[in-house]
Amino acid sequence: MASELLKIEQLVKRYDEHTVINGLDLTVHSGEVVVVIGPSGCGKSTLLRCINGLEPIQGGSIKLSGDEIIHGSKNLPALRQKIGMVFQSYELFPHLSVIDNITLAPVKVQKRSKGEAEEEALRLLERVGLKDKAKQYPRQLSGGQKQRVAIVRALCMHPEVMLFDEVTAALDPEMVREVLDVMLNLAKQGRTMIIVTHEMQFAEAVADRVIFIDKGNIIEEGRPKEFFNSPKTERAKQFLNIFEFESVK
Amino acid sequence: MPDLGLEVLFKGKNMIRLLGGLWAALKISLISVALSIPLGILLGILMVRKEVVIRAVTRIYLEFIRIMPQLVLLFIVFFGSARAFGSDISGELSSVIVFTLWGTAEMGDLVRGAIISIPKHQYESSAALGLKNSQTYFYIIIPQTVRRLIPLSVNLITRMIKTTSLVLMIGVVEVTKVAQQIIEANRMTSPNAAFGVYLTVFLLYFIACWPLSLLARHLERKWG
């Protein structure tokens, strides 16, 4: 078994009186692809935000290779370099070109040379089919292209784990594929990834392990084939049934 | 060809006097702009703070200055303060005070708008890349704020230049006042001078403001 990379124990996250995550445990191993699914508002996006220290937590601990992630702590920026995060709304920096979006953090945070960072950025862009867009600005790109750039931007920091927060939810259907293909390729390369998604077929194809969350805790987890074909809990069965339609004719 | 009274401009030092008047107007607006921009940035930063008292005070200041016509403000500062406090401040200084109060309010509101228009996700995606807070502001937030701000503040500057034509009402001899004087002095010899002289004033304002308008439009297109 590969080594433990991320260890979450008894995580509690509350917004005022509303408990979003309630004593959740999760361990992710190196090279593992974990897909998190569940109804909206179940806490799956919040979980990713906590892992990246974007939210203060009210209980439990999150550790990356033994280092605890604490919102607002001094060493958080250093820890975050090991965690790549891609958001639903891409959030490229609109005043920077594609290449500068990608190389800003490697150059300013990791103090790598501009030449070397750009070389790697171009190599990664080529792999996602966007090398010719390097000099363009985010507003000149389609949603799918922006999201691929956002993935490259995260990759260029050499993160140990990648977090994907519903990265295709804001895309037109015909652009979903190009982004999912990039993620499938990353999975094949053996990257550690935690993916929150509503794309069930993609989840089944990419996941090593599927985690079903509802009401702030893990209800069921398992290998994708077993989970999608024969879910054990009633709640998961109900949830998966939402995605099947009876023919009306 | 009707008599436009343009010949008045070439009498004596009339043209030089008009240019001197333009300079008087520009001096007031440029000093006010130079003071308004840093003060406005400060005000804008204060306006987005969470403290209720700071918000209320800055809000009242902004609304007060906005609702009050600039002319009334000029009268209060120039005539009012002289009577009430026995102060003896010049028309130029009164003008600079009023235009700085006004410019600061307008600039503050522009800065506030620019700051809150940067989405929260920009801060988060920058933090997620491992940038420190100071780096996030320096490389991500401030450049975007400035880009949104520059075209708007250039427009504010042109508005301030134009509005200086009001200061003749408190006895400051600026370009419009000089124009009046020239017209009055030549009433007998060139009764049509009003058209030509005011046309010249119009052109002088135009020359002062047009490049700024062009710059604003250029920057808007470049960064839009």
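Which residue stands opposite Val12(A) in β4(A)? That residue is Gly59(A). The model is predicted: local features need pLDDT of at least 70, side-chain atom pairs count only at pLDDT 80 or more, and totals for chains, interfaces and linings use all residues. Residues are numbered from 1 along each chain as its sequence is written, chains are lettered from A and ligands numbered from 1 in the order in which they are written, and side-chain values use heavy atoms, without hydrogens and water.

Strand β1 (residues 4-15) of chain A pairs with strand β4 (residues 59-64) of chain A in the antiparallel sense, over five bridges. Strands are DSSP runs (E, at least two residues) and helices likewise (H or I, at least four), numbered from the N terminus; two strands pair if DSSP finds at least two bridges between them. β4(A) is also joined by two bridges to strand β5 (residues 67-68) of chain A, again antiparallel. There, Leu64(A) has Asp67(A) as its bridge partner. Two residues lie between the strands of this hairpin, in which Ser65(A) takes a positive phi near 45 degrees.

The account now turns to the two chains. The contact (heavy atoms within 4.5 Å) takes 23 residues from chain A and 20 residues from chain B. One salt bridge is counted between chain B and chain A: the side chains of Arg49(A) and Glu124(B) meet at 2.6 Å, N to O. A salt bridge here is a side-chain nitrogen of Lys or Arg within 4 Å of a carboxyl oxygen of Asp or Glu. On the side of chain B that touches chain A, the elements giving two or more residues are α5 (120-128) and α6 (133-163) of chain B. The largest share, eight residues, comes from α5(B).
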